[in-house]
Amino acid sequence: MHVLFEAGGVRSDLEVHPGCWTVGGGADDGIRFPGLASQLLEFELGQGRVWVRCAAPCLVGRAVLGPGVRRWLLPGERVRLSAHAWLWVEATVSVPATLALVRALLDPGGAPAFPVGPLLACVAGPDAGRVFPLVDPVSEVGRLPGCPVQVGDRAVSRRHLQLVLEGGAHRVRDLGGRNRPRCNGRWLRTGRGVLLADGDILEVGRSLMHYRTAREEPPLTASATAPPGPPAAPSDAGAGRRSS
């Protein structure tokens with residue numbers, strides 16, 4: 001799998017084998033970049049997915065990930081390693097960020113079971129890895145049976161969030177659950193709510209959910225990869241790699 005790193009405007013890429021790797025500037029880190037703290041985060045690659053776990057609060061995508069939380073990293077989402085350094089995994093096909101993953105989840109043969117539209121992908125929490133299509137004009141997130149986005153997270157209320165379709169996007173409203181939700185790290189206010197943008201991250205209970213708007217599905221083609229910068233290679237064989 002190709003992992004991309006950018007620092008000071010210079011981009012590098014490297015091929016990383018499946019497994020659990022530590023990322024940082026230490027001598028024992030499997031993916032090592034000079035100037036970073038030792039064992040800054042863990043990268044778990046395998047079965048077509050990438051998971052990340054940070055040692056300290058870290059910006060992943062549009063929201064800060066707390067220390068020790070295991071999060072599904074979607075193609076194109078960047079992990080901020082320092083003020084000027086980023087790490088991410090590039091999509092292998094030129095399709096919207098989650099489309100290839102959604103296809104694989106819905107139908108291993110490659111074709112989705114229904115037209116790809118707006119969705120929530122749970123990237124962290126008890127339901128991490130599940131994808132919830134938003135097919136109704138009004139959808140609710142909660143533990144109540146019958147909720148279009150029914151989760152098993154006990155920190156989520158029976159009816160926690162409401163998503164109302166407005167044009168091509170959704171407006172999210174807090175339904176007054178016991179744990180106040182966030183959008184991109186900011187508290188949601190009760191009342192009118194917030195109009196979501198593609199890629200926004202909702203934090204509800206102990207779960208993180210990635211929002212994707214509806215869009216026209218482009219044809220699948222191999223992605224063009226820009227010429228890499230100076231290579232950043234993993235350390236000595238086996239170093240920094242943890243058995244899964």
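Of the 244 residues in this protein, 44% are buried. Keep in mind that this is a predicted model. The accessible surface is about 11700 Å², with carbon and sulfur atoms accounting for 53% of it.

On secondary structure, there are 23 strands and 1 helix. As for contacts, take those between residues at least 6 apart in sequence: 47% of them join residues at least 24 apart.

Now the charged pairs. The whole structure has 10 salt bridges, and I will go through some of them.

Start with Asp 153 and Arg 206, whose side chains form a salt bridge at 3.4 Å, N to O. Asp 153 sits in the loop between strands E15 and E16, and Arg 206 in the loop between strands E21 and E22, so the pair ties together parts 53 residues apart in sequence. The cut-off for exposed is over 50%.

Next, Arg 182 and Glu 203. Their closest N and O atoms are 3.8 Å apart. Arg 182 is partly exposed at 24% relative accessibility, and Glu 203 is partly exposed at 28%.

Last, Asp 127 and Arg 130, with a salt bridge at 3.2 Å, N to O. Asp 127 counts as buried, at 8% relative accessibility, while Arg 130 is partly exposed at 39%.

Note on methods: Residues are numbered from 1 along each chain as its sequence is written. This is a predicted model: local features need pLDDT of at least 70, side-chain atom pairs count only at pLDDT 80 or more; totals for chains, interfaces and linings use all residues. Side-chain values use heavy atoms; hydrogens and water are left out. Helices (H or I, at least four residues) and strands (E, at least two) are DSSP runs, numbered from the N terminus. Buried means under 20% relative accessible area, exposed over 50%, partly exposed in between (1.4 Å probe, protein chains only). Contact means heavy atoms within 4.5 Å. Accessible areas come from the Shrake-Rupley method with a 1.4 Å probe; for residues, only the protein chains shown count as cover. A salt bridge is a side-chain nitrogen of Lys or Arg within 4 Å of a carboxyl oxygen of Asp or Glu.
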